[in-house]
Amino acid sequence: MSAPQLSDRMHDLAADVSAPPTDQARAAVGRRARTIRRRHRARQAAGGGLLVAAVAAAVLTAGVTSPKGSEPETADPDAVTLPALTVDLAGWNVADAEEVALDPSAWDDAASGSLQVFRRPGDLTGPTVFLRHNAASDTVVPLPDETATFTTPSGREVAAWLVEPQPGTFNMWWSAGGDWNGEVLSWGLTRAELLAFAAGLDPVDDDISYPPVGEQFGFTTAVLPAGIVEVPAEDPSGTPSQRRLTAGDGDATAHVVVDDRGTVAVASELTDVVASGGTIQPVTVLDRPAVLGQAPDGTWIATWFQSADGAATVTFADADRATVDAVLAGLRELPEAEWDDLAGDRAAP
Amino acid sequence: MEPLGVDGRQDSMSSPGSALARAQLADGPEVDDVRLSGTPAATSFDDLFRRRYEPMVRVAYLLVGSRAEAEDVVQDSFARVEVRWARLERPEGYLHRCVVNRSHDVLRRRRLEQRFLRMHRDESEELRADELRDALARLPDRLRAAVVLRFYAGLPEREIAEALNVRPGTVKSRLHRALSQLRQEIER
C-alpha cells in the first residue's frame, strides 16, 4: 500500500462522519468553556490557603503521609548541565544531535490528572508503583467484573479491577462514580502487598469535576509495603531541557534522550510499557541500574538515571534484543566540548 | 475520491514538511498534500469553529474510532481553545495538540475499560469493518496519531511535532514505523 493509497483509504473511512458545526455543537463548546472559566475563577478566589487546608486535613485523616524528599534521586543544586551520551559502536553513525529547551507554558493544555511514583530509595529496578489520579468525563458502566475490593482509611468502599498481564506486573483501576479514576501500575510487589497499598489510598481532593481546572490531584498513603517510599515526581520549576541524539546502522535506530525532569521522564516512558502489558526487567547501563522494557508491539526502551536528575532513555526502532544489548554496551558519556561540537555540527540552519 | 484538508476543502498545495515526509517515506509514490497550508488564519474563535469543527471530528474519529467520543474530544478541545484564545499565537496548533491529548486520554481510558470492564460498545457508532481500521487500531497510540495527522489531516512534520510534543526527527521515525507496520498488517 502506497502513501497516497493510505491517504485515500483514511479519507474513505472518515467520509461517513458528519459533524457539522451546528449551533448545538457551538453551544456545547460554550458550556464547557464557561465551566472552565467559572471553576478557574473559583480556584483563584479561594487562593492557595483552602487547598493547603484540604491537604492538611486529608493528611490528618490518613494518619500517614508519604516521606517525600527522602529519595536520593532529588535534584542536585550543583548539577547545572545534563550529561550527554552517544552511541560508540562499530557500524553505527550519529544522524542527529540537538539540545532542546522544552517550553510547557507555550502549550499549557490543562492537566487532567496526577502521577505519583513509589519505590525503594535509590532502587530504580526494585518494587515500583506508579499511581495515577485522573479526572473522568464520563459515566461508569456498571459491570460485574471487579476482581478486588477494599476499604480506604476514610471509609470508602472500593471495587477495583486488578489484572497481572505479566508475572509480577499488576495493573489496577477503579472509578469514583464517574468523577475520577485511580490507576495503579506496579512491578515487584505481590498481589497482597499491592492491595494493602491500594487500601491505604485516599484522594487529597475528592471533589474532582470535569473538565478539570486547577484540581488538587493525588492521593495520601497509609500503607507503603516492601520498603517503598514516594519519590518526587514533579516537573522542574524552570524550563525543562533535553539532550537528544539519534544513531543508526542502516537498519536499526536508537533515540537517546537525556532529560532533566528525572523521575517524571522515567515514569512517562515506563508507565506506557506497564500499562500496555509489556515486560520489565533490570539491566545495567554505563555501570548504573537501569530498567529495560519491551512493549507488546516489540519496541524496546531502556531508562536509567545518568546523573542526579538526568534521566536517560534509549528508544529502539527495528532492533532485536542482541542489537539492544550491543547499543547499550556501546553508549559513552561525552565530554561537554565534544557534545557542543556534535550538536553544533548538526544544528538546524 | 478527492482527499479533503482538515478544513474540509480540496487542496494540492505542498509544504516543506510534507516534502521531507515523502523523502523519508520514499518507498511509494508521493502522497497528495491535502492540507491547505496557505489558508488564512482564523479571524475569530467562531471562524475557527466553523471551519475546523467537522474536520477535527474526523481526525479524532480516526484516532479513537468512535464518532460520539470524537465529538466529545473535539468539543472539549475547542472549549480549551476558546478559554485561551487571547493568549494563543497559533490557535490551530493548540487545537491539534488538545485533540491529540484528549484522544490519548480516551484511548488510555478505553484500554482500561476493555481490560477491566469488557465494555460493550455500540458497534453502529464505530468505524465500519475495514482492514485499515483494524490495522490502525493495532498501531500504538503515538504511531496512529502521527500517521493520521500526516496522511489524513495532511499536516507537515513540524506541525505534527508540535501537536505530539516531539521533535521532527521523531515524527519521521514514527511515520516510517507506522507505515511499515500498516503494510505488514494489511498485506499479510
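## A strand pair to start from

In chain A, strand 13 (residues 253-259) and strand 17 (residues 311-317) pair in the antiparallel sense over seven bridges. Here strands are DSSP runs of E with at least two residues, helices are runs of H or I with at least four, and both are numbered from the N terminus; two strands pair if DSSP finds at least two bridges between them. Within this pair, Asp259(A) stands opposite Ala311(A) of strand 17.

A word on the basis of all this: the model is predicted, with local features needing pLDDT of at least 70 and side-chain atom pairs counting only at pLDDT 80 or more, while totals for chains, interfaces and linings use all residues. Residues are numbered from 1 along each chain as its sequence is written, chains are lettered from A and ligands numbered from 1 in the order in which they are written, and side-chain values use heavy atoms, leaving out hydrogens and water.

## Strand 8, covered on both faces

Elsewhere in chain A, eight of the eight residues of strand 8 (residues 180-187) are buried, so this strand is largely enclosed by the rest of the structure. Buried means under 20% relative accessible area, exposed means over 50%, and partly exposed is in between, using a 1.4 Å probe and protein chains only. One side of strand 8 carries Trp180(A), Gly182(A), Val184(A) and Ser186(A), and the other carries Asn181(A), Glu183(A), Leu185(A) and Trp187(A).

Strand 8 has antiparallel partners too. It pairs with strand 4 (residues 128-135) of chain A over eight bridges, where Val129(A) stands opposite Ser186(A). It also pairs with strand 7 (residues 169-176) of chain A over eight bridges, where Trp173(A) stands opposite Glu183(A).

## Chain B, helix by helix

Turning to chain B, its secondary structure comes to eight helices and zero strands. Of its 188 residues, 62% count as buried. Among contacts in chain B (heavy atoms within 4.5 Å) between residues at least 6 apart in sequence, 69% join residues at least 24 apart. The chain exposes about 7,600 Å², and carbon and sulfur atoms supply 46% of that; the areas come from the Shrake-Rupley method with a 1.4 Å probe, and for residues only the protein chains shown count as cover.

Six of the eight residues of helix 7 (residues 157-164) of chain B are buried, so this helix is largely enclosed by the rest of the structure. The buried residues are Glu157(B), Glu159(B), Ile160(B), Ala161(B), Ala163(B) and Leu164(B). Just after helix 7, Asn165(B) takes a positive phi of about 60 degrees. In helix 4 (residues 91-117) of chain B sits Cys98(B), which is buried with a relative accessible area of 0%.

## Where the chains meet

The largest nonpolar core has 63 residues, and those with the most contacts inside it are Met10(A), Phe78(B) and Val147(B). A nonpolar core is a set of buried Ala, Val, Leu, Ile, Met, Phe, Trp, Tyr and Cys residues joined through side-chain atoms within 4.5 Å. Helix 2 (residues 45-64) of chain B gives the most to this core, with 12 residues. Apart from it lies another core, of 52 residues, among them Val117(A), Phe130(A), Val264(A) and Val291(A). Leaving out residues up to four places away in sequence, Met10(A) touches several residues, including Leu62(B), Leu132(B), Val147(B) and Phe151(B).

The axes of helix 1 (residues 3-15) of chain A and helix 5 (residues 131-138) of chain B come within 10 Å and cross at roughly 100 degrees. That makes the two helices roughly perpendicular, a label for angles of 65 to 115 degrees, with under 35 counting as roughly parallel, over 145 as roughly antiparallel and the rest as oblique.

How values were computed
Axes are lines fitted to C-alpha atoms, for helices over the stretch in contact, and angles run from 0 to 180 degrees between N-to-C directions.
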